[in-house]
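This report describes the overall form of individual chains and then turns to selected local features. The sequence and structure are shown first.

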Amino acid sequence: MNERMTYDLVVVGGGPAGMAAALKARECGVENIALIERASELGGILEQCIHTGFGLTYFGQELSGPEYADRFIKLVDKTDIRVFTDTMVTDVSPEKVVTCVNKKDGLMKLQAKAVILAMGCRERPRGALNIVGTRPAGVMTAGTAQKYVNLDGYMPGKKVVILGSGDIGLIMARRMTLEGAEVKMVCELMPFSGGLTRNIVQCLNDFDIPLKLSTTVVKVYGDQRVTGVDIARVDEKLQPIPETIEHVECDTLMLSVGLIPENELTVGAGIPLDRVTRGAVVDELRQTEMPGVFACGNVLQVHDLVDFVTMESQIAGEGAARYIRGELSDPEYIRPETGFGVRYIVPQKINIKDKKDVKLYFRVGAIYNNPRVVLECDGQVLSSKKKIKVAPGEMEDVLIPASVFDSLTPESRITVRVEV
Amino acid sequence: MEKQLTCVACPRGCSITVTLDGDSIVSIEGNACPRGKKYAENEITDPRRMVASTVKVNGGKLPVVPVKTSSDIPKNMIFDVMREINRVSVDAPVEIGQVIIPDVLGTGADIIATNND
Amino acid sequence: MRYDVIVIGAGVCGAMIARGLSGLKLKTALLEKAPDVAMGASKANSGIVHGGFDALPGTLKAELNVRGTALMKDVCRDLDVPFKNCGSLVVAFSEEDKATLEELAERGRKNGVPGVSIIGADKLRELEPNVAPEAVGALFCESSGIVCPYELTIGAAENAVKNGVDLKLGCKVTAIEATEDGFVVTTSTGAFECSYIVNAAGVYADEIARMVGDDSFRIIPRRGEYYLLDRTVGSLVSRTIFQCPNKMGKGVLVTPTVDGNLLVGPTSVDLTEGREDVSTTLEGLDKVARLGGRSVPKASVRDAITSFAGVRAHPDSNDFIIGVSEANPRFINAAGIESPGLSAAPAIAERVTEIVEELTGAQKNESFDPVREPVFRFRHATDAERAEAIEKNPAYGRIVCRCESVTEGEIIDAIKAGATDIDGVKRRTRAGMGRCQGGFCGSKVAELLAELAGAELNTVTKFGGESKLLYERTK
């Protein structure tokens, strides 16, 4: 059963990132592609995201998650891309041997010329938070609750407190309300929500669900099932203020406190990660520090919108195609630097010999009203774009036009900063 | 009467105050751009929303299939539409785009499946 | 039903004792009030196999610790339980601490602990580069190690059952009536007669003893809180790092676990109410974080994947209470088993088995097999072993828990071996023990539990009783 197979490209993960990357690589002429998905269907997390709002940017339509995924599944079906479902990758080696297992084929070792990592991300659990008390049933991540309601068809709670106002938390506040649960409140540690404004209005305000900013859950009660939680306001250092502790009765605590790229395989392969994004360090083609291994989608950086995952993955798919054709030899890299207000930039490095338009994606560290996003090269302003508002919850981008690269040397310094 | 709205036209999320005299708008304040005014007018005169939920499937792989309204419906009818959605079931196989409830409650929107089962 | 012996309490001691008794020709029952074994202190402790230099010479703790630790390696091999003889260091931060090290070393010699030596700062740095630079020396104990306490309990209970013991879960003892030739034990699931009782009831051991008129000791429930850190920092230290006890207290330990995590704790607080109150507290966890950082500064709570608390059964006598009760010659206590109780468990089982053997005159059970069927663990297997396992059982080819690489096959094995809820599967397979804490696999484990029980998904619980995951269907 120890199957040995050779592929030009192995894509790890059959969600929106993996599908878009594989399709783009195929379109660019890569012939022998394997796409590996651990679930029994392609689509990834989109299968349980039944709300609408996907595809507004990419398709100009308001699709649900499964509908968005279906468009790509249909395209994959029309190609000769070899899809392995119910298959989990256990190792990616520096020699680009992808080891995976499934029930049918057993343990397989796929030798690839190039690999694209598209494993997505996972939710941050309770353990990472400073919530004390008991450990009863009824504490779950919003994503787990979403699966129970939308795929399994069961109510995971009746009286719900949600901690974290990320988009999944907001979406689940509405979803639980529609199914008859009482969502008591959404607590957010920060003084602002990490979710999209549209979701705050349509998921909370529409249903009179209070959003408590600068508030966190400090304690869980209940020996068997959750019976309640203590919430408290936090000070500027985000520390709970004891005098503000308040008890809230509930049977469910849902957590929507952040997403973490799922980089176990990346780390296992010895590929360096960015400390801030927790995804791989990549160049403008989304190639990691290990030549021929690419990364895209939420495993590279957590995105707000699937549309951007798709676009990023197409870059990786094209990059992998070029690598396989042997076009990516001898690059000369510069590393764009984060200036005031900017937490990180993807890609972390740019091949200045490629001389193509490069879009830098970044996030800011705080909310800024009426700022300018400034792109500088060696002290010279390349662009300065006025914005109404930038916020940590919304990914921003800035373009370096191809023409700039003619005058760049490996010593050149490119900086992105916020000007207020 | 005054109504407070948060504009969703862009990430800025302006707080808009709409002053009403009965059903008619007297003034709209707080919006930074014309899109905010348009948003506020729609929200006051005819607020509409998409609804997404699930419908019970008989004999499918999964117990429920996701559905949505084919177009937005009046906001005040969300729970009425939910009741209709909860009332029906559908026999497998279900195909994406399949109409489960045509013209739900006369809104002009169909309830359609958004996945296969 | 009449038994020769009823063992009350299926923690590590009760399970090991039951296994020991299954080596005799006796009809033995092991009663446990919880829905699974290892639900008390045995599932939430440091998992340390102590060298034995801590207990005062001449105490049962000292004697049984040294003996138990000597037995542990073979017991774990027989029961297919992870054990690592990693060694330990008691770290000194002052001259005063160094004097204490000398005392501990002397105690170790008196207790007969092998492989104890005092090392200087340089040697300490060489062994453990991540120990705080302020450390001035340490007591090095080569014989100590780490074990998975609940796996040891599960392994012992399974092996006891294999050798003929009746394990009764969800069976709470509510009354004991002494008769002429034994006892009638009344439980939540019916009454049982027996000739002898072994009391291994953990934090309730004094209550059980009082049921036969033994009022000779009190158990003080003592809570300890812990942080469990991610595997990414699991190799910060390769030995158990204790802090030198001083007037500030016993400090906390920082230790690798057999599963590659790093464990920091415990605190020590006597509970005045609620013998099983295993809730964590802000003060407790703060203290763990602060003290842990003192010996291993890089052991940061930022890497915590979970926190938990366990309650130890501290006896007012300060020593293990093992032997025939003064109140009834057919009632044997194995009580007050706090630290180093896990280390001592094999020796406690040996001692209690000897006592029962003497009292009953029972013959050896010739068909006794001390070996538990090895458990397939995907995460420990090589690619070749994995390929072979999947060929035999395709369910080993579907990974359910991605953090800990646990397969469907292992989960099904665990359910067939007795796991009835999410936490039971977790303790047997590690599904849900990893950094996402069951966020991904929890619902899949629930599906398997429901499927194998032929029940609806919403009947699945986290740990029995009313700890239900789900309410009714949405549609």
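## Chain C: overall form

In this predicted model, chain C has a radius of gyration of 22 Å, which agrees with the value near 23 Å that a compact globule of 475 residues would have. Its C-alpha atoms fill a box of roughly 65 × 60 × 45 Å along the principal axes. The secondary structure of chain C consists of 12 helices and 22 strands.

Of the 475 residues in chain C, 60% are buried. Chain C carries 56 positive and 66 negative charges, whose mean positions are 4 Å apart.

## Chain B: overall form

A compact globule of 117 residues would have a radius of gyration near 13 Å, but the value for chain B is 18 Å. The C-alpha trace of chain B spans about 55 × 30 × 20 Å along its principal axes. Chain B is divided into domain 1, covering residues 2–45, and domain 2, covering residues 52–113. The centres of these two domains of chain B, taken over C-alpha atoms, are separated by 31 Å.

Chain B contains 2 helices and 10 strands. Read from the N terminus, its elements follow the order β-β-β-α-β-β-β-β-α-β-β-β. Buried residues account for 44% of the 117 residues in chain B. Of its contacts with a separation of 6 or more, 42% are between residues 24 or more positions apart.

The accessible surface of chain B amounts to about 5,900 Å², with 48% belonging to carbon and sulfur atoms. The mean positions of its 13 positive and 15 negative charges are 5 Å apart.

## Chain A: domains

The domain assignment of chain A gives domain 1 (1–123 + 258–328), domain 2 (125–257) and domain 3 (330–420). Between the centres of domain 2 and domain 3 of chain A, taken over C-alpha atoms, the separation is 36 Å.

## Helix H5 of chain A

The buried residues of H5(A) are Thr197(A), Asn199(A), Ile200(A), Val201(A), Gln202(A), Cys203(A) and Leu204(A).

Elements of two chains contribute to the packing around these buried residues. From chain A they are helix H4 (167–178), strand S13 (182–188) and strand S14 (211–213). From chain B they are strand S1 (2–6), helix H1 (34–45) and strand S4 (48–49).

Ala69(A) is located in helix H2 of chain A, which covers residues 65–77. With a relative accessible area of 0%, Ala69(A) is buried, since the cut-off for burial is under 20%.

Apart from neighbours within four places in sequence, Ala69(A) is in contact with Met19(A), Gly43(A), Leu46(A) and Glu47(A). Glu47(A) lies 22 residues away from Ala69(A) along the chain, and the C-alpha atoms of the two residues are separated by 7.4 Å.

Notes: Residues numbered from 1 in each chain as written. Chains lettered and ligands numbered in written order. Predicted model: local features only at pLDDT ≥ 70, side-chain atom pairs only at ≥ 80, totals over all residues. Heavy atoms only, no water. Helix = DSSP H or I, 4+ residues; strand = E, 2+ residues; numbered from the N terminus. Rg over C-alpha atoms; globule rule 2.2 N^0.38 Å. Buried < 20%, exposed > 50% of the residue type's maximum accessible area, 1.4 Å probe, protein only. Lys, Arg positive; Asp, Glu negative; His and termini not counted. Charge placed at Lys NZ, Arg CZ, Asp CG, Glu CD. Domains from an automatic or database assignment. Contact = heavy atoms within 4.5 Å. Areas by Shrake-Rupley, 256 points an atom, 1.4 Å probe, with all protein chains shown as cover.
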